Amino acid sequence: MPPPIDAESFTEALDRAVRILRPAKKVAVLTGAGISAESGLATFRGGGGLWEGQRIEDVATPRAFARDPLLVWRFYNLRRANLATVNPNPGHRALVELENRLGADFTLVTQNVDGLHQAAGSHNVLEIHGALRRVRCVGCQRVSDRGVEVLPELPHCEERGSLLRPDVVWFEEALPDDIWGRAVEAVQACDCFLVVGTSAVVYPAAGLIDVARMEGADVIEANLEPSAVSTRVNILLLGPAGTSLPELLKRMKEEG
Ligand code: BJW
């Protein structure tokens, strides 16, 4: 059993995290919306989490899209437009540094659809909830990368004429099999699992914490506040990821 949540100061928690992360041979990371908050992107839950009074659970579903595709596309077009205005922050860049230290023994599993990890320079990224840049035809299922191009309010497939949808994973939809399988394998194989900026209420992603623990990995969490899994992690680094992750990497370098 991991010890209970640290009552130590941030610095002491950081020291313990360094002692776990530094000797780790294989590291897996799970990120959520919190890591992009300091880039200016809204998170889904909590204070600013509502969009026009709607919960994400009521917009990001196949049923919502079938009922009112215009409303759903307004939500996604707004977020696509935001992508053109935001940049990776120090939290994203710290994870690039971690990957540079570990090479192929580093896997970044992200629930985010914003592409900011890749923009920062991360390579081994598994986007388990899809990507905002991509669209998919509901008829022929063809996927295309439209970048941050402004799309019509209700975009249609040029070949088939059917409606396009964002190539993201909505509630009640399965995660992409191959990507999810690779994420589970990476977490099973890691000796340290770093969980950053996620409320950890959405499954199956949140279940990765238990996968890591069952396989004996140490779990370090970095979050602004305790999440649904904070009682099950070894170390909780409370604070903005844009500060805690660079500080963690800085300490690792100091100690060799
Ligand atoms: C900071 C910070 C800073 C802020 N620094 N930290 C009952 C029990 C269990 C499961 C289910 C259930 N009923 C249904 C389910 C399954 C369902 C689910 O989990 N529901 C729960 C909500 C109850 N899951 C699914 O449906 C999944 N599919 C599935 O299970 O398939 C099998 C199946 C088939 C058929 C029927 C049923 C099941 C699919 C889930 C897809 C989720 N999709 C979304 C939208 C993606 C596209 C888009 O972006 O629009 O993914 S929902 C949304 O939530 C998005 C996110 O990736 C995901 C997680 O959110 P995240 O990233 O954790 O963000 P927040 O806002 O919640 O948290 C932010 C955190 O950051 C907070 O903790 C802050 O404190 C912190 N923070 N600033 C550090 N600066």
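In which loop is Thr 198 found, and what surrounds the ligand?

Modeller: This is a predicted model. Thr 198 sits in the loop that runs between β7 (192-196) and α9 (208-214). The residue counts as buried because its relative accessible area is 7%, under the 20% cut-off. Leaving aside residues up to four places away in sequence, Thr 198 touches Leu 30, Gly 32, Gln 111, Glu 221, Asn 223 and Ser 227. A polar atom of the Thr 198 side chain also lies 3.1 Å from the backbone nitrogen of Ala 200.

From there the view widens to the ligand. Thr 198 is among the closest of the 35 residues that surround the ligand, along with Tyr 76, Arg 79, Glu 172 and Ser 199. By type, this shell divides into 19 nonpolar, 10 polar and 6 charged residues. At least two shell residues come from each of α2 (34-37) and α5 (69-83). Domain 1 (1-41 + 88-129 + 175-256) and domain 2 (44-85 + 132-168) each contribute at least three.

A backbone N or O atom of Glu 172 is 2.6 Å from a ligand oxygen atom, and a polar backbone atom of Gly 197 is 3.2 Å from an oxygen atom of the ligand. For Ala 241, a backbone N or O atom lies 2.9 Å from a nitrogen atom of the ligand. On its own the ligand has 1,500 Å² of accessible area, and the protein covers 75% of this.

Notes
Residues numbered from 1 in each chain as written. Predicted model: local features only at pLDDT ≥ 70, side-chain atom pairs only at ≥ 80, totals over all residues. Heavy atoms only, no water. Helix = DSSP H or I, 4+ residues; strand = E, 2+ residues; numbered from the N terminus. Buried < 20%, exposed > 50% of the residue type's maximum accessible area, 1.4 Å probe, protein only. Polar contact = N/O pair within 3.5 Å; in protein donor to acceptor, adjacent residues only side chain to side chain. Contact = heavy atoms within 4.5 Å. Near = heavy atom within 4 Å. Areas by Shrake-Rupley, 256 points an atom, 1.4 Å probe, with all protein chains shown as cover. Nonpolar A, V, L, I, M, F, W, Y, C, P; charged D, E, K, R; others polar. Domains from an automatic or database assignment.
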